[in-house]
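Biologist: I am new to this structure and would like a close look at a single part. Please start with its open space, then work through what surrounds it.

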Amino acid sequence: MVGEHTRVLLVEDNPGDARLVRESLNDGLPGHFMVQVTESLEQALEALRTAVDEVDVVLLELSLPDSQGLETYRAVHAQCPSVPILVLSGLNDESIALKAVNEGAQDFLRKSRVDGELLPRAIRYGMERNRLLEQVRQLAIADELTGLMNRRGFLMLAEHQRNLADRKGTSLALVYLDIDHFKLINDQFGHDAGDRALRELAAVLLHTFRRSDVVARLGGDEFVVLMADVNGDGLNIVLDRVRKNLAALNQDSRFPWRLAVSLGVVQYDAAHPVTLEMLMASADQAMYRAKEATRMAS
């Protein structure tokens, strides 16, 4: 939220229904809602990719020109898993809307009943429920030390992203990282310093990658990032940014240690599907080949 404003992404291809939603929000709480309208799934996903931090809630019509039914919800949810989604239901898709709620949507609203009292209240309740559920989920899938996802959380979301890539025919990139000579940091400066190094690396990764990317600590000094919808050039740009941001961290005089990481990168092609376990094993092997090459060159 920005100040007292709630930022709404309305995904609706019917201009009349979009106007009804805008008027209902303005009638209920004048000036409180900032509404951005997209008319297709493609437009909605692009809006979320480029500005997911600027969306507080999504109002989603499931029947769009380029997507129908549950696939619409699943695609939007995969792009913004932490943003609450309320489904707008017409006369013929109420059963599908209920299925979307069962899969994680916060609520569904019949368009025929949308008004200035119901819609703002539903948005407020949906955002509050989502906040509470997110807190519960974080207890189960968050790494206590770094605040990133843990292995369990990563496996859940990564499998979902892989399945989505298969359905859409898109690509993924998986990046494995671990800290070079991490044991020396613990031995020379103590385990508190080692823990601080892990937290600082986690902060670098969160700052470097997109919010839509899945960033996790697998355990020890091993980290992993899953990126959706990224090509080779985009991937190279991000990896170069990782190195630059690590170099900037190493200039910080507060820390007696310096961090270097080994990276292993593999790309997933939906035309040649493999299991998530196979993909992770390939990235792990690529990381250790990079580590060995660095060791041989030093």
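How much space lies in the largest pocket?

Modeller: This is a predicted model, where local features need pLDDT of at least 70, side-chain atom pairs count only at pLDDT 80 or more, and totals for chains, interfaces and linings use all residues. Residues are numbered from 1 along each chain as its sequence is written, and side-chain values use heavy atoms, with hydrogens and water left out.

The largest pocket holds about 940 Å³ of space. A pocket is found on a 1 Å grid over the protein atoms alone: it is an open set of points with protein on both sides within 12 Å along at least five of seven lines, and its lining residues have an atom within 4 Å of a point. Grid points are joined across faces, edges and corners, and the volume is the space filled by probe spheres set on them. The lining has 38 residues. Closest to the centre are Pro81, Ser82, Glu134, Met149 and Leu157. Helix H3 (70–79), H5, H6, H8 and S7 each give at least two residues to this lining. Such labels are DSSP runs numbered from the N terminus: helices (H or I) have at least four residues, strands (E) at least two.

Next, the loop between H5 and H6. Leu148 is found there. Leu148 is buried, with a relative accessible area of 2%. Buried means under 20% relative accessible area, exposed over 50%, and partly exposed in between, using a 1.4 Å probe and protein chains only. Leaving out residues up to four places away in sequence, Leu148 touches Ile141, Ala142, Asp143, Ala202, Leu206, Val215, Ala216, Arg217 and Phe223. A touch, or contact, means heavy atoms within 4.5 Å.

Two of those partners also pair with each other. The side chains of Arg217 and Asp143 form a salt bridge, 3.1 Å from N to O. A salt bridge puts a side-chain nitrogen of Lys or Arg within 4 Å of a carboxyl oxygen of Asp or Glu. Arg217 sits in strand S7 (214–219), and Asp143 in the loop between helix H5 (118–141) and helix H6 (151–168), so the pair ties together parts that are 74 residues apart in sequence. Both Arg217 and Asp143 are buried. Side chains of opposite charge can pair when their charged atoms come close. By this rule, the model has 19 salt bridges.

Asp178 and Lys291 form another, with their closest N and O atoms 2.8 Å apart. Asp178 is in strand S6 and Lys291 in helix H10, so this pair ties together parts that are 113 residues apart in sequence. Helix H10 covers residues 276–297. Both Asp178 and Lys291 are buried; for Lys291 the relative accessible area is 11%. Not counting residues up to four places away in sequence, Lys291 touches Asp178, Ile179, Asp180 and Ser262.

Helix H9 has its own pair. The side chains of Lys244 and Asp240 meet in a salt bridge of 3.3 Å, N to O. These two residues are four apart in H9, about one turn of the helix. Lys244 counts as exposed at 56% relative accessibility. Asp240 counts as partly exposed at 34%. Elsewhere, Glu12, Asp17, Glu61 and Lys111 are linked in a network of salt bridges.

Now the nonpolar packing. A nonpolar core is a set of buried Ala, Val, Leu, Ile, Met, Phe, Trp, Tyr and Cys residues joined through side-chain atoms within 4.5 Å. The largest core has 31 residues, and Leu177, Leu201, Phe209, Phe223, Met227, Leu246 and Leu259 touch the most other members. Elements giving two or more residues to it include strand S6 (171–179), helix H8 (191–208) and helix H9 (232–250). H8 gives the largest share, seven residues. Leu246 touches Leu201, Val204, Leu259 and Val261, leaving out residues up to four places away in sequence. A second, separate core of 25 residues includes Leu64, Ile85, Val87 and Phe108.

A cavity is a set of points where a 1.4 Å probe fits but cannot get out. There are two cavities of 30 Å³ or more. H6 gives the most, with four residues.
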